[in-house]
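Colleague: Could you take me through one part of this model closely, and show me how that part sits in the whole chain?

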Amino acid sequence: MTGTSPLAPAAAAALLKAAHASGEAIAPLRDRLAATDADAAYAIQELNTRAWLAEGRRLVGRKIGLTSLAVQAQLGVDQPDFGMLFADMAVGDGEPVPAGRLIQPKVEAEVALVLGRDLTHERHTYADLLRATEYALPAIEIVDSRIAGWNIRFADTVADNASSGLFVLGGRPVRLADVDLTACAMQMCRGDAVVSRGNGRACLGSPLNAAVWLADTMARRGRPLLAGDIVLTGALGPMVAVQSGDRFDVSIEGLGGVSAVFD
């Protein structure tokens, strides 16, 4: 940043918010920020969360990102990240996503948890999550980046609401007693071609590990998970870039299927 002043958090948040509204990606933020640690990046995210809530968007849950150890290593971090899910990000199972709604979308297959109880402890256990989870669903997260060319590092993606875009939930609720979230196999197809495979172990060893991390983190950061919240627990396999006209069908063992369609 030689010869230039660093971007203030409010200015960085405004750039991301404008990119979200316009659909025009911006240059990476990391080299323009005074600090790029987690607290600084989440402070930028929180500014836009507050602004969107003030505008009437409804917070309905969280997504967990960077649950793959390989992706963490690529970005030079040793922890996942989180972003906010708003009601207007939800897309129906098989409902077409209009062309141009997102900038550079990619899809990931995930396990979604829907909570029936608040999670407000400083430290949570598997038992807390099992007790609090009302049911699980198969899900497709449609990630997007307001940073041009997906040229991101940790500070960029966290500030950018963890590269959140849209999400699709399946329609058949399954109790946790009826599914093995660790061993469940996932397959994603584009048409007849299998484009991604994985299982629950790809998500921090188990989607429940990711959910416990999120519950602790959100309580610590002052936005605890509450009854009714949706939790996208993280990718079960590699993400796949989207092209116009694509249809993705996901099957997760024990949870059923869910589809994302793009105009």
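Modeller: Happy to! Let me begin with a term: a residue is buried when its relative accessible area is under 20%, exposed when over 50% and partly exposed in between, using a 1.4 Å probe and protein chains only. By that cut-off, 51% of the 263 residues of the protein chain count as buried. This is a predicted model, where local features need pLDDT of at least 70 and side-chain atom pairs count only at pLDDT 80 or more, while totals for chains, interfaces and linings use all residues. Residues are numbered from 1 along each chain as its sequence is written, and side-chain values use heavy atoms, leaving out hydrogens and water.

The chain holds six helices and 13 strands, taken as DSSP runs (H or I, at least four residues, for helices; E, at least two, for strands) and numbered from the N terminus.

Now to helix 2, which covers residues 38-54. Its 17 residues reach 24 Å from first C-alpha to last, close to the 24 Å expected at 1.5 Å a residue (the expected span is 1.5 Å times one less than the number of residues). Just after the helix, G56 takes a positive phi of about 105°.

Which residues of helix 2 are buried? They are A38, A40, A41, Y42, I44, Q45, N48, T49 and W52. An α-helix has 3.6 residues a turn, so residues three or four places apart point the same way. The buried residues of helix 2 pack against helix 1 (9-22), strand 2 (81-86), helix 5 (154-159) and helix 6 (207-220), where contact means heavy atoms within 4.5 Å.
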